[in-house]
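Let's walk through this structure together, one piece at a time. Keep the sequence and the 3D view side by side as you read.

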Amino acid sequence: MPELVITVARFGFLVLLWIFVFTVVGVIRRDLFAGARSGRLVAAPRTVGASTGQASAKPAKVKRGRAAHQLVVTAGQLAGTRITLGEAQITIGRAEDSTLVITDDYASARHARLVPRDGQWFVEDLGSTNGTYLDRAKVTGPTPVPLGVPIRIGRTSLELRP
Amino acid sequence: MTAAATPASSPATTGERPGVRMARSRRNAELSLLLLAMALVAAYGAMVEANVLDTVTPGFWVPAATLTAVFLGMHLVIRFLAPFADPALLPAVALLNGLGVGFLRRLDLANAAPEERADLAIFAGIGGRQLAWTLISVMLAAGLLALMRDHRSISRYAYTLGLAGIVLVMLPAVLPASISEINGAKLWVRIGSFSIQPGEFAKLALLVFFAYYLVRKREVLSLASHRFLGIDFPRGRDLGPVLVVWVISLLVLVFEKDLGTSLLYFGMFVATVYIATERVSWLLIGLVLFFGGAYLAYVLGEAVGGPFANFYLRAQIWLDPFAQPYDDGYQLVQGLLALGSGGLFGAGPGGGQPLLLPEVRNDFIFAGIGEEIGLFGLSALLVIYLLIVERGLRAALAVRDSFGKLLAGGLAFTLALQVFVIVGGISKLIPLTGQTTPFLSAGGSSLMANWLLIAVLLRVSDAGRRPVDGAGGKVTRPSGPPEQLHGAPTEVIKP
């Protein structure tokens, strides 16, 4: 084997190894930096939820413009978890067959559910012991959920995101 | 509101199809990455033959092709059983596994008599055995994926697995040294020419138990505390479990004479507690306890000897390996020399002298490979480990139940810690201990256990990335009239 071929192959192999590494990084790039982006997103809705007046003004705009694509847990033990919303309802509770299984001492086995209707998501309490709150207000019947307004269940807090 | 909203409302929402963007399974990306990885393994094999035999034999591609077939099989299994699993895990692990097999085959070539080298059978030697182990391990991983359709189902066996884990950890310690001792570390169970390392499986079993236990106890561990120096410290009585694990890991240190294993178990537990409670104080307590224990063992080894003597000796070698370069420090010195002679770009696959390294197929495989691919290649391998761990942690973030989070986070951390312990050992960052390098080292136990670990991570990442109304319909049952949830009793089901 000529020396040149071996030298070229030697460096070629190392380059190929790094190409593999960067290809893997390229494939997972989107959620590699997803955490960094969500950091900014978490901060934004705080101001929305700060005053209820603003929060009630928001949904009118939201309904026309952007629809909710994600459900994000912003507080509690599952904080950081995000669920991509489809057309199926999302059940929340301690029961293992819930979509979002929360281990929260103040949550019931089947605590609440989120149901989509005509592009708008509704939260509904399923007879939980400690209640479900949309921002500060207790949820009594199916209530439309605007983007970025926290749904509180026990110590867990959830938000819809575009 | 009638809850029939689910199926009926679908036409209205099709315009914005939210799931479509995120719900890509990325299986084709996995396939192309896998083929790239296998091309690398084949190139490695060809270069080894070019360097060792001075010619590339027509059959150089056979081991790589066998591996490709095995991993393609695994890819198909994932495609059908865990379609939303992480696309980066399998190719990254396959590359490490393939390079491990390639390097071990390279050792066989160097060991064989010159006239036999050209026609070395594919399943011959340690390289061939590793290839066979890979086959078995991948089949086991596929079997685990098939059996465990939901990662939450293994929490049912948590106590059984915990008990099995403790038995497996303790087994080599209580067996006589003639069965369990290799190179001064009692980590093995030898039956004839066959030896297994039960600790490799124990770490998986124990982790399932830790995750299950902590999901139930995390409230107590994270909430009941008193503040001291700005850090929340847990109450004394809640320290019980962490102290028990600490004592067990110290017993492992003393009776199995292995710092790495004990560090692995203890670190695994502390990291899982930290993930469960988000309390920095647990990390501090863990570090203080471990270093205190290790220092105590060192002092006792100097003063008393006996069961602590081995640890004292290892620490001495670590502090000054060149004190006895041909005697106690031989392994470490040779490893450092190999890494040093590899330099930045290495001698090229097949161009080094790995046979000068003692234990090059197990503990020192990283030094052996490092001599041939240099710092440039080694750092690529370390980045691949890093990516595997990152994918594991990402799976932990994405999954929607606490047990899965703790399980995946703990498993990913364990893998990282094991790589740290062995690579830190051979590069003289920490005292050297006989850990296997995941996926690279020769040995069936390690390979099987690590592939099972990857199967669990794949399963958890599948659960985490699967869209809610996803294909499997595992998470919700969208169609049909919803169950009468109002009538359901508020039962407490702990996961």
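**A guided look at chains A and B**

In chain A, UniProt places a "transmembrane region" at residues 6–28, in an unreviewed entry. What you are looking at is a predicted model, and in it residues 6–28 of chain A are 96% helix and 0% strand.

Next, turn to chain B. It has 18 helices and six strands, and 52% of its 495 residues count as buried. Of the contacts in chain B with a separation of 6 or more, 71% involve residues 24 or more positions apart.

Two pairs of helices in chain B are worth a visit. Two packed helices are described by the angle between their axes and the distance between the axes. Start with helix α4 (residues 27–52) and helix α6 (residues 89–111) of chain B, which pack at an angle of about 15 degrees with their axes 9 Å apart. Angles under 35 degrees count as roughly parallel, and α4(B) and α6(B) are therefore roughly parallel to each other. Their crossing is right-handed. On the α4(B) side, the contact residues include B:L33, B:L34, B:A37, B:L40, B:V41 and B:Y44; on the α6(B) side, they include B:L90, B:P91, B:A94, B:L95 and B:L99. By class, the residues of the contact between α4(B) and α6(B) are 16 nonpolar, three polar and two charged.

The second pair is helix α12 (residues 259–277) and helix α13 (residues 280–303) of chain B, whose axes come within 9 Å and cross at roughly 165 degrees. Because angles over 145 degrees count as roughly antiparallel, α12(B) is roughly antiparallel to α13(B). The crossing of α12(B) and α13(B) is right-handed. To find the contact on screen, look for B:L259, B:L263, B:F266, B:V270, B:V273, B:Y274 and B:T277 in α12(B), which meet B:W282, B:L283, B:G286, B:F290 and B:A294 in α13(B). Sorted by class, the contact of α12(B) with α13(B) has ten nonpolar and two polar residues, with no charged ones.

Note on methods
Residues are numbered from 1 along each chain as its sequence is written. Chains are lettered from A and ligands numbered from 1 in the order in which they are written. This is a predicted model: local features need pLDDT of at least 70, side-chain atom pairs count only at pLDDT 80 or more; totals for chains, interfaces and linings use all residues. Helices (H or I, at least four residues) and strands (E, at least two) are DSSP runs, numbered from the N terminus. A residue is buried if 20 or more other C-beta atoms lie within 10 Å of its own, exposed if 12 or fewer, and partly exposed in between; C-beta atoms are placed from the backbone. Two residues are in contact if their C-beta atoms, placed from the backbone, lie within 7 Å. UniProt positions are given in the numbering used here, feature names are shortened, and annotations may be inferred rather than shown by experiment. Axes are lines fitted to C-alpha atoms, for helices over the stretch in contact, and angles run from 0 to 180 degrees between N-to-C directions. Angles under 35 degrees count as roughly parallel, over 145 as roughly antiparallel, 65 to 115 as roughly perpendicular and the rest as oblique. A crossing is left-handed if the near helix is turned anticlockwise from the far one by less than a right angle, and right-handed if clockwise. Ala, Val, Leu, Ile, Met, Phe, Trp, Tyr, Cys and Pro count as nonpolar, Asp, Glu, Lys and Arg as charged, and the others, Gly among them, as polar.
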